[in-house]
Amino acid sequence: MEREPMYRTQIPDKPFNSKRPGTLVGILLAVSEYLGALYGKIAETMSACSYGRCSECGGNVGSAEIDPSRMIAPELSLKNGAVLLWAGTDCAPVPRIRQLAAMLGIDYLKPLDEQDPGFIPILLYGYDKEPVSFVHNKKPHTDYYRGCVHDLQYMIDARTTSKGNLRMISYFSKRSDCPACQGTGMSNTVTDIRLAGHRLSEVEKLPIPEMRSFILGLSQLIDANEHDIVSPIISQLEPMLIYLNKIGIRTLNPTTAQEIVQTVTS
C-alpha cells in the first residue's frame, strides 16, 4: 500500500481552531508538513527552483510495518489523546477505551505515565479477560477490546482508500532511515539548509516548547523577502504548537510507549 508523502506543498487558508482541533495525528502531521514547507519555501528563494520529494525514497518515509511505539503518547491522559490512533475522533473505540480504563482503575484525566504501566500494553494489544460494555451513538455494545495495533492492521488488511486512514497508517509506520533526506522525505535542496543552526530533521525532533521558540525566533534571522514568504506558514504553526504544548504532548513523534511495553513484559 502506497504511503502518503510526509509533507505538503500547498498551505491551506483555513486557520487552526483550537476549539475544534480535529484529530491529534492530523495536527502532528500538519506541523511536520508545515515545517517541510517552511524549509522548502526558503530553499526556493535560495536556489530559484521548486523543492520536492527526496530523489532516493520518493518522500515515502514510512515502511509497511506498524510501529507500536508511535501509537501511544504516555505523557498524555486518555482524555487529551494518549491513544493517538483515535485522539480527536468519536469512533467506537473511544467510549470502549473509556470504559476499559474505568474497569481497570485507570484515571481518564491523568497522564498514563503517572499510572500503572501495564495499561499501555493493553491499549496496544488488547484485553481478553472480559468484554467491555459501552455506549456508542446511543446504542449499547459489549465486546472485547482488541487493541489499537489490531485496529490499524485491520485498516491495512482492508486496503482502505480513505485519505485520513492512509495518513494514519503512514504516521504509525516504522520510519525508514533514508540517508539522503534523514527521514524528512524532502529533496537535498531542503535538507541541506540550516535555519538558526538547525536542519529540518533536527527541528522535527525538538521538544514542542523549543520548536515554538525556534519558529518565533526566525523572524529575527531571515530577510524581509523571506519573511513575507514564510510568515503565513509561521502564523499557521504557532497556534498548533501552543495547542500541543497545552495538552502536554512532548514531541511530534512520541516513541516511548514501546520502551514501557518492553519494561513491563521483560
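This is a predicted model: local features need pLDDT of at least 70, side-chain atom pairs count only at pLDDT 80 or more; totals for chains, interfaces and linings use all residues.
A disulfide is a covalent bond between the sulfur atoms of two cysteines. Here, a disulfide is counted when two cysteine sulfur atoms lie within 2.5 Å of each other, and by this rule the count comes to 0. Two cysteines may be described by their surroundings. Cys148 is buried, with 0% relative accessibility, whereas Cys91 is partly exposed, with a relative accessible area of 29%. Buried stands for under 20% relative accessible area, exposed for over 50%, and partly exposed for the range in between, with a 1.4 Å probe and protein chains only.

The values should be read with their basis in mind: local features need pLDDT of at least 70, side-chain atom pairs count only at pLDDT 80 or more, and totals for chains, interfaces and linings use all residues. Residues are numbered from 1 along each chain as its sequence is written, and side-chain values use heavy atoms, with hydrogens and water left out.

The protein chain has 266 residues, of which 47% are buried. Its secondary structure consists of 10 helices and 4 strands, in the order α-β-α-α-β-β-α-α-β-α-α-α-α-α from the N terminus. Helices (H or I, at least four residues) and strands (E, at least two) are DSSP runs, numbered from the N terminus. A contact means heavy atoms within 4.5 Å; among contacts with a separation of 6 or more, 75% join residues 24 or more positions apart.

Two of the strands form a hairpin. Strand β2 (residues 127-136) pairs with strand β3 (residues 139-145) in the antiparallel sense over 6 bridges, where pairing requires that DSSP finds at least two bridges between the strands. Phe134 stands opposite His141 in β3. Between β2 and β3 there are 2 residues, and Asn137 takes a positive phi near 55° in this hairpin.

Helix α8 (residues 208-217) has as its buried residues Ile208, Met211, Phe214 and Ile215. These residues are on the same side of α8 because they cover an arc of only 115° around the axis, the arc being that of the directions from the helix axis to the C-beta atoms.
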